[in-house]
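This report describes how parts of one protein chain are held together. Look at the sequence and the model before reading on.

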Amino acid sequence: MSAISILNFNNSRFILTGFPGLEVDYLWFSIPSTSIYAIVFLGNCMVLHVIRTEQSLHQPMFYFLAMLALTDLCMGLSTMYTVLGILWGFIQDISLDACIAQSYFIHGLSFMESSVLLAMSFDRYIAICHPLRYSSILTYDKIIKIGMAILCRSTLLIPPVIIRLKFLNYCRPHILSHSFCLHQDLIRMACSDIRFNSIYGLALVISNLLLDAVLILISYVMILHAVLAIASQEERIKSLQTCVSHICAVSVFYIPIIGLTMVHRFGKHLSPLVHVLMGNIYILFPPLMNPIIYSIKTQQIRRRIQRLFYLKVM
């Protein structure tokens, strides 16, 4: 391929799809969208601040929660520029390099969130099935190693498929399906051989999202088996209540993924607005809901936040 050809498609710009049919109402629509991003930012920062400053929360469960909050915060920041930029009217397109970088962060952070949720299910399994060995198994050093493993898994496996996007020839209309960049959107516009991207991308999804979901399910089967063996009904309920927040977090992460997959697979006849809304729900719903879930369902965090606001009011 000639240098001129490479220069042409590497300098390509891609049109971001906003919210079809709502263009005249973008200014009004930007108000709730900006509010959602503000809640994502403030909510996750609040969780991180509470965990950092409250000594009683320096436990394995809350260290993993801090990882989840940091991941959600970064996920929100990774799409804020393009989503709000479209609504505020100062961007309509994005360069190939910026698009590739954004897709790297979106997919990497998605894999990271899945990995953190798996680590949290392991934490719940140890706490309920092996309570006497909990502190000896999940030591501070082990948590650091788990955190490093999650970081490496989420960042080092993706570059081969993302870097290759730079060298594809994009000859189809440069119109993205969402207000942010995804790997599957870019390869859909490529005229080059995309077998590597398709196969490697599928392998990443199976070895990350699908495998994590299966392992989380297995952990809860084992937790349920251990809980049902407890003689006292009160103790059974108490044990299960410690898992409610995590089950909710898993649900708000995987249900939008399943919904988006179903819409892409079987909803080709649906309005483009449905595809755009499902894409934004997939990106923003977990970062929005997780701080709310853990603030309501986790007693220690709820009390610390209440105390924090009480002191500010005083």
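The text below covers the disulfides, the remaining cysteines, the salt bridges, the nonpolar core and a surface patch of this predicted model.

**Disulfides**

A disulfide is a covalent bond between the sulfur atoms of two cysteines. The whole structure contains two disulfides. With bonded cysteines counted along the chain, they follow the pattern 1-3, 2-4.

The torsion about the S-S bond of C99 and C181 is about -115°, so the disulfide is left-handed. C99 counts as buried, at 0% relative accessibility, and C181 also counts as buried, at 0% relative accessibility.

The other disulfide joins C171 to C191, with an S to S distance of 1.3 Å. This pair links distant parts of the chain, 20 residues apart: C171 is in the loop between α7 and α8, and C191 is in the loop between α8 and α9. The torsion about the S-S bond of C171 and C191 is about -60°, so this disulfide is left-handed. C191 is partly exposed, with a relative accessible area of 38%.

**Cysteines outside these pairs**

C152 is in no disulfide, and the nearest cysteine sulfur, that of C74, is 16 Å away. C152 counts as partly exposed at 35% relative accessibility. The sulfur of C248 is 11 Å from the closest cysteine sulfur, in C243, which is too far for a bond. C248 counts as partly exposed at 26% relative accessibility.

**Salt bridges**

Side chains of opposite charge can pair when their charged atoms come close. The structure holds seven salt bridges, and the table gives some of them.

| Salt bridge | Closest N and O atoms |
|---|---|
| K166 and D97 | 2.5 Å |
| R188 and D185 | 3.2 Å |
| D193 and R195 | 2.8 Å |

K166 is partly exposed, with a relative accessible area of 24%, and D97 counts as partly exposed at 43% relative accessibility.

R188 and D185 both lie in helix α8, three residues apart, about one turn of the helix. R188 counts as partly exposed at 42% relative accessibility, whereas D185 counts as buried at 4%.

D193 counts as partly exposed at 39% relative accessibility, while R195 is exposed, with a relative accessible area of 59%.

**Nonpolar core and surface patch**

In soluble globular proteins, nonpolar side chains tend to be buried together. The largest nonpolar core here has 83 residues, and those with the most contacts inside it are L65, Y170, L176 and L186. Helix α4 (residues 96–129) supplies the largest share of this core, 15 residues.

L202, I206, L210, L211, V214, L215, I218 and M222 form a nonpolar surface patch, with about 670 Å² of accessible area together. L210 is found in helix α9 (residues 195–228) and counts as partly exposed at 48% relative accessibility.

Terms used: Residues are numbered from 1 along each chain as its sequence is written. This is a predicted model: local features need pLDDT of at least 70, side-chain atom pairs count only at pLDDT 80 or more; totals for chains, interfaces and linings use all residues. Side-chain values use heavy atoms; hydrogens and water are left out. Patches are made of residues with over 30% relative accessible area and no salt bridge: like charges are joined within 9 Å, nonpolar side chains (Val, Leu, Ile, Met, Phe, Trp, Tyr) within 5 Å. Accessible areas come from the Shrake-Rupley method with a 1.4 Å probe; for residues, only the protein chains shown count as cover. A salt bridge is a side-chain nitrogen of Lys or Arg within 4 Å of a carboxyl oxygen of Asp or Glu. Helices (H or I, at least four residues) and strands (E, at least two) are DSSP runs, numbered from the N terminus. Buried means under 20% relative accessible area, exposed over 50%, partly exposed in between (1.4 Å probe, protein chains only). A nonpolar core is a set of buried Ala, Val, Leu, Ile, Met, Phe, Trp, Tyr and Cys residues joined through side-chain atoms within 4.5 Å. A disulfide is a pair of cysteine sulfur atoms within 2.5 Å.
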